[in-house]
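Visitor: I should like to learn how to read the features of a structural model. May we go through one together?

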Amino acid sequence: MRQCLNPDCLHPNPDNSTFCQKCGNQLLLENRYYAECILGQGAFGRTFLARDKHKPSKPRCVIKQFLPQAQGTNNIQKASELFAQEAQRLEELGQHPQIPDLLAYFT
């Protein structure tokens with residue numbers, strides 16, 4: 001199953017799909033990662049269980065989608081800064097068994 005990442009759609013699609021059957025949104029991020037299902041949602045975004053199609057075993061990974069719930073320009077800007085800082089900290093920490101590896105960061 002491939003989950004659409006469009007916040008207004010979230011339609012589940014067959015494994016061989018490249019585009020969402022409901023909204024037409026592309027299902028692959030960076031032509032590499034595809035979401036399988038939603039794991040959870042918080043104040044800054046939504047988290048999906050995903051797969052990395054560029055590796056032979058198609059290992060599991062996580063996609064964290066920036067989707068702030070706060071309203072107002074200042075709140076959204078602050079949420080965006082905190083989201084970017086989280087990615088930066090993950091990259092700085094490097095590999096540790098208790099901390100997830102940052103595979104990619106993009107908008």
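Guide: Let us begin with what covers the helix. The buried residues of α1 are covered by elements including β6 (60-66); helices (H or I, at least four residues) and strands (E, at least two) are DSSP runs, numbered from the N terminus. The model is a predicted one, in which local features need pLDDT of at least 70, side-chain atom pairs count only at pLDDT 80 or more, and totals for chains, interfaces and linings use all residues. Residues are numbered from 1 along each chain as its sequence is written, and side-chain values use heavy atoms, with hydrogens and water left out.

Visitor: Which residues of α1 are buried?

Guide: They are A79, F83 and A87. Buried means under 20% relative accessible area, exposed over 50%, and partly exposed in between (1.4 Å probe, protein chains only).

Visitor: Why do the buried residues of α1 line one face of the helix?

Guide: The general idea is that an α-helix has 3.6 residues a turn, so residues three or four places apart point the same way. In this case, the buried residues of α1 fall within an arc of 75° when seen down its axis, so they line one face; the arc is that of the directions from the helix axis to the C-beta atoms. On the other side of α1, the exposed residues are T73, N74, E92 and L93.

Visitor: What span should helix α1 have?

Guide: The expected span of a helix is 1.5 Å times one less than its number of residues. For the 21 residues of α1 (residues 73-93) this gives 30 Å, and the end C-alpha atoms are 30 Å apart, which agrees. Just after α1, G94 takes a positive phi of about 70°.

Visitor: Which residue other than glycine has a positive phi near 55°?

Guide: Most residues other than glycine have a negative phi. Here, E30 has a positive phi near 55°, and its place is in the loop between β3 (28-29) and β4 (33-41). E30 counts as exposed, because its relative accessibility is 53%. In the loop between β3 and β4 one also finds N31, with a positive phi of about 55° although it is not a glycine. At 44% relative accessibility, N31 counts as partly exposed.

Methods. Contact = heavy atoms within 4.5 Å.
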